[in-house]
Amino acid sequence: MKKAMLYGVAASFFFAFTFIFNRSMNLSGGYWIWSASLRYFFMLPMLAALLAVQRGARFAPVFADIKRQPAAWLVWSTVGFGLFYLPLTLASVYGESWLTAASWQITIVAGVLLTPLFGQRVPLKNLATSCLILVGVFLLQLPNISAGGLAGSAAALVPILIAAFSYPLGNRMMMLRCPPELDTLQRVFGMTLCSMPFWIAASVYALVRAGLPDAGQTVQSAVVALFSGVIATALFFHSTELVRGNQRRLAAVEATQCGEVVFTLLGGILVLGDPTPNALGFLGIALIVVGMTAGSLVSGK
């Protein structure tokens, strides 16, 4: 369990680059759909290169399983990667990087609520600690509600809600369906490959709507692909693999993503010059972190 938690925290550090660079690309005028699509276009060759340098038949088992159950791979890869990252990138349009990162922690609550789909009861202690996270997110969103009304707040929160449920759902469904001989890297490669139809369609729309991305957006997307797409995703998926048989511990490992809030807050202020949260914002962040810590403690040693 300790190893899984450490991998999860390390993943949260690299995931923070997603929020910082997406906000940076948005501020420089980059179209948000290109920011999302380019990440996965860069991820695919990076993951393929990692598999290629490892010994043994690394690609054949992945292709064989995709051929065995193509519908499952296409559907849950699109949910876990496409319906996760496209809405999350859209959310970066509506506020500072730390605001998106903090609101994204709704995914921890989503992970708890999804447990009945996998034949287990909702872990009530984890659900109780998740309420702290929800309160924290509400406090963070209060300025949006005050400034833009319910419509403005919904515009920021609805994409995050879609992403928050899609990411753990796609990940868990593919964990159930992948044979045990496929490791984390192979699964991430397979899911990236099978999400390509979604990203190709999204990029065609972006091309028609906004034209080609500029060099700055392309380079930043490549950095996000390496840090968040490859390193963070591999670390996080491996951490969930370590506790895949225990939904309560799985919920706790997913809660380590709260580390993104702290890392993104520091990075956004230092790199992008984001304004610091107000008193309610800091209280909200504190509640989110407390909720994460409490969720880990109630999940056992």
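Predicted model: local features only at pLDDT ≥ 70, side-chain atom pairs only at ≥ 80, totals over all residues.
1. Across the whole structure, the search finds three salt bridges, and the points below take each pair in turn, with its place in the fold and the exposure of its two partners.

2. Aspartate 183 and arginine 58 form a salt bridge in which the closest N and O atoms are 2.6 Å apart. Because aspartate 183 lies in the loop between helix H7 (124-177) and helix H8 (184-194), while arginine 58 lies in the loop between helix H2 (32-53) and helix H3 (60-68), the pair ties together parts that are 125 residues apart in sequence. Aspartate 183 is partly exposed, its relative accessible area being 29%, whereas arginine 58 counts as buried at 12% relative accessibility.

3. In helix H3, arginine 68 and aspartate 65 are three residues apart and therefore separated by about one helical turn, and their side chains meet in a salt bridge with an N to O distance of 2.7 Å. Arginine 68 is exposed, with a relative accessible area of 55%, but aspartate 65 is buried, with a value of 4%; the cut-offs behind these words are over 50% for exposed and under 20% for buried.

4. Glutamate 241 forms a salt bridge with arginine 187, and here the closest N and O atoms are 3.0 Å apart. Since glutamate 241 belongs to helix H10 (residues 215-242) and arginine 187 to helix H8, this pair ties together parts that are 54 residues apart in sequence. Both glutamate 241 and arginine 187 are buried.

Conventions. Residues numbered from 1 in each chain as written. Heavy atoms only, no water. Salt bridge = Lys/Arg side-chain N within 4 Å of Asp/Glu carboxyl O. Helix = DSSP H or I, 4+ residues; strand = E, 2+ residues; numbered from the N terminus. Buried < 20%, exposed > 50% of the residue type's maximum accessible area, 1.4 Å probe, protein only.
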